[in-house]
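Hello,

Here is the structure I promised to pass on to you. Please have a look at it first, and then read my notes below.

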Amino acid sequence: ALVNEFAMRDTKQRLPIPDLPLLHVERLDLPIAGVVDLPGTRWRVEVELVNAVDVVDNWTALLDFEKCQGQVYLRCRRPGDRFQPAGMRGKSQTLNEFYINEKIPSVVRDRLPLLIVNDHIGWVCGWRTDERVRANFETKGVWRVRFVKKEQHDNPSYAE
């Protein structure tokens, strides 16, 4: 009887969605440089060319600008998505396998932004860049894409 009681209570609880920069639109185009608000969230995306090669946190990606020419936008996952996770020597992996291996909570998988560079995944935002576009020691122009939580009252004069 205890097991049933527990199961009934458990089904009523909804998993809290972590405070992550999730994507609630079909597609969000990114500029070469600038700031774009993530619709329906307390996050924004800052995009710029930088000299620095420091990754502040998981929500910052350093990409090779020359390899990111063309269409660049955010979208959510689609069936059959694949990419080449950085550090796997060009080996391809399905996004689904990657999500499972990285233990990405299933509650966010459908809304986790993917940075698309000319029809392929350049960055599983918050987790891993793609081998083909990540910045390395040969990179001439570093393109930094980062998700930043907006300030509580988002003061326009706020500076880092």
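**Around aspartate 81**

Aspartate 81 is placed in the loop between strand 5 and strand 6. Please keep in mind that this is a predicted model. Is aspartate 81 buried or exposed? With a relative accessibility of 11%, aspartate 81 counts as buried. Its side chain reaches the backbone nitrogen of arginine 78 at 2.8 Å. Leaving aside residues up to four places away in sequence, aspartate 81 touches Arg75, Cys76, Gln93, Thr94, Leu95, Leu114 and Ile121.

**The sheet**

Two of those contacts, Arg75 and Leu114, turn up again here: leucine 114, in strand 8, is the bridge partner of arginine 75. Strand 5 (residues 72-75) and strand 8 (residues 114-117) run antiparallel and are joined by 4 bridges.

Both strands belong to an open sheet of 5 strands, with antiparallel pairing and the order 1-5-8-9-10. Strand 1 (27-29) and strand 10 (128-129) are at the edges; each has a single partner strand, so one side of each has no neighbour in the sheet.

**Aromatic pairs**

How many aromatic pairs does a search of the whole structure find? The search gives 5. Phenylalanine 83 and phenylalanine 98 are both buried.

Why is the pair of tryptophan 123 and phenylalanine 147 called tilted? The ring centres of tryptophan 123 and phenylalanine 147 are 5.7 Å apart and their planes stand at 50 degrees, so the pair is tilted; planes under 30 degrees apart would count as stacked, and over 60 as edge-to-face. Here too, distant parts of the chain are linked: tryptophan 123 is in strand 9 (residues 120-124) and phenylalanine 147 is in strand 11 (residues 142-149), 24 residues apart. Tryptophan 123 counts as buried at 2% relative accessibility, and phenylalanine 147 counts as buried at 3%.

Tryptophan 123 and phenylalanine 147 also belong to one aromatic cluster, formed by Trp43, Trp59, Trp123, Trp127 and Phe147.

Methods
Residues numbered from 1 in each chain as written. Predicted model: local features only at pLDDT ≥ 70, side-chain atom pairs only at ≥ 80, totals over all residues. Heavy atoms only, no water. Phe/Tyr/Trp six-rings, centres within 6.5 Å; stacked < 30°, edge-to-face > 60°. Buried < 20%, exposed > 50% of the residue type's maximum accessible area, 1.4 Å probe, protein only. Helix = DSSP H or I, 4+ residues; strand = E, 2+ residues; numbered from the N terminus. Pairing = 2+ DSSP bridges. Polar contact = N/O pair within 3.5 Å; in protein donor to acceptor, adjacent residues only side chain to side chain. Contact = heavy atoms within 4.5 Å.
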